[in-house]
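Morning, everyone. Please bring the structure up on your screens. I'll keep this short.

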Amino acid sequence: MRSTINKYAIKCLSTFFPTKKPTLFQGQGATTKLTELMVVNGHKRPLIIVDGFLNANGAIKSTVESFTQAGCEVSVFDEVAANPTFKIVEDCLSLAIANKCDSVLVVGGGSAIDTAKVVSAALTNGAVSSKLIGMLKVKNPPLPLYAVPSTSGTGSEVTAIAVISDTSTHKKQFFIDPKYVPVSAALDPELIASLPPEMTSTTGMDALTHAIEAYTSTVKFSDAERDAVSAIRLLVKYLPIAYQDGSDLHAREMVALGSFLAGYAFSKTGLGYVHAISHQISAHYNTPHGLANAVILPKVLRYNQSVCQSRFAELERALATQPKSLDEKVLAADFIKRIDQLSEEVQIPATLEGLKDSDFDAIARDALSEAKESYAVPKVMKASNVKTILQAIVNGERNVVFA
């Protein structure tokens with residue numbers, strides 16, 4: 001019953017409060033073009049939110065210089081952390097208020113972009129980020145937000161969602177509103193080229209998870225389905241290339257585009273149990289989000305196989321040069337095998353270190369609660385199903401059999 005309610009709630013939200021794609025710059029020099037757009041748009045006091053290591057290695061040096069040469073006064077905040085907390089948001093807010101910033105440029109991964117979304121909205125809505133928790137809480141338009149993702153996975157540059165962790169409990173709080181979508185985004189392969197192979201693979205599999213969960217959601221939109229399939233095609237083809245040769249800028253750009261399209265797709269249709277479970281694992285063990293998703297994905301695919309057979313078969317037809325069979329059951333199984341092979345090709349482990357049996361009950365409870373409240377899943381899980389997945393992770397098994 002709750003799954004049906006979620007289906008219509010998500011459908012209504014996406015229909016009556018649609019998410020718009022940001023103006024997109026792609027290819028070499030994309031960041032420079034985005035900076036020029038900000039200057040043309042009249043922004044004089046930009047706040048740059050950037051991952052610390054990117055600031056340290058000079059990734060935004062030319063961007064700051066471009067703003068300065070245009071007569072802008074730039075403020076830089078580089079204290080973003082994985083799974084950002086409200087403390088980080090408040091520190092960034094204080095800097096922006098003190099320097100009277102009039103726009104926000106974020107250069108970084110999903111954590112940096114989530115931070116920037118909440119900061120840009122809080123600055124025009126009383127500067128109290130906690131009051132924006134939940135759905136459609138942004139009354140006034142945020143400061144203009146521009147995004148340059150440094151990874152290809154979260155899709156945060158196109159989504160209406162941000163996730164911030166409680167400073168003390170680290171429980172994740174969700175912010176959902178179409179106003180969080182950036183004005184413009186730049187997919188710059190030169191910035192992403194320095195991403196290490198391990199992060200390339202886990203963030204890429206995160207994007208793939210977004211696309212698959214969007215495509216198998218019980219909420220249907222033709223544009224979201226089209227983008228999800230395109231994203232899956234791009235990621236399956238180009239992620240292994242980008243993983244093997246990070247300097248291949250074409251592959252980097254195609255993976256980034258796949259992430260962008262997957263982000264738009266799931267922003268309209270929602271996610272599923274891969275994310276519901278991975279969010280709890282990250283909350284308990286601070287596991288990188290992309291890694292958790294990548295490890296969980298093959299298990300949830302097998303759980304959904306019985307009800308998603310036709311959808312998986314459609315994806316296999318889209319991916320296979322010559323499908324091996326006309327039988328949907330065979331094609332669906334081939335699709336899951338294809339994802340297994342991709343996981344092995346980009347060296348995704350089948351296990352996560354540190355999981356404790358004593359945490360299984362809490363992880364299962366919170367994962368089921370998140371899915372029940374937020375997602376239109378194709379097949380409802382029980383606590384025992386979540387625990388089966390967790391045990392398979394401990395055992396290092398991709399091929400899970402559900403009783």
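One caution before we start. This is a predicted model.

Let's begin with the inside. In soluble globular proteins, nonpolar side chains tend to be buried together. Here, the largest nonpolar core has 80 residues. Six of them touch the most other members: M205, L208, I277, I281, L390 and I393. Which helix gives the most to this core? That is helix α9, residues 222-244, with twelve residues.

Zoom in on I281. Set aside residues up to four places away in sequence. I281 then touches N286, T287, I296, L352, L355, I363, L390 and I393. Two of those names, L390 and I393, were also on the list of residues that touch the most other core members.

Is D227 buried or exposed? D227 counts as buried, because its relative accessibility is 5%, and the cut-off for buried is under 20%. Which residues does D227 contact, leaving aside neighbours within four places in sequence? They are K21, L261, Y264 and A265.

Now the cysteines. How many disulfides are there? The count comes to zero. Take C72, which is in no disulfide. Its nearest cysteine sulfur belongs to C101, and that is 11 Å away. C72 counts as buried, at 7% relative accessibility.

And C101? The cut-off for a disulfide is 2.5 Å between the sulfur atoms. C101 is buried too, with a relative accessible area of 11%.

Next, the empty spaces. Rolling a probe the size of a water molecule over the atoms shows where empty space is left.

The search of the whole structure finds one cavity of 30 Å³ or more. The largest cavity holds about 90 Å³ of space. Thirteen residues line it, and the closest to its centre are I212, E213, T216, V300 and N304. Helices α8 (197-216), α11 (273-285) and α12 (289-304) each give two or more residues to this lining. Which one gives the most? α12 does, with four residues. By class, the cavity lining has nine nonpolar, three polar and one charged residues.

Then an open space, the second largest pocket. About 220 Å³ of space lies there. Its lining has 16 residues, and T31, A59, S62, T63 and D188 lie nearest the centre. Three helices each supply at least two lining residues: α2 (30-40), α4 (61-69) and α7 (189-192). How does this lining split by class? Five residues are nonpolar, nine are polar and two are charged.

One last stop, Q173. Find it in strand β8, residues 172-176. Q173 is partly exposed, with a relative accessible area of 24%. Look across to V163, ten residues apart from Q173 along the chain. Their C-alpha atoms are separated by 5.7 Å. V163 is also one of the contacts of Q173, if we leave aside neighbours within four places in sequence.

Terms used
Residues numbered from 1 in each chain as written. Predicted model: local features only at pLDDT ≥ 70, side-chain atom pairs only at ≥ 80, totals over all residues. Heavy atoms only, no water. Core = buried A, V, L, I, M, F, W, Y, C linked by side-chain atoms within 4.5 Å. Buried < 20%, exposed > 50% of the residue type's maximum accessible area, 1.4 Å probe, protein only. Contact = heavy atoms within 4.5 Å. 1 Å grid on protein atoms, 1.4 Å probe; cavity = no way out; pocket = protein on both sides within 12 Å on 5 of 7 lines; lining within 4 Å. Points joined across faces, edges and corners; volume = space filled by probe spheres on them. Nonpolar A, V, L, I, M, F, W, Y, C, P; charged D, E, K, R; others polar.
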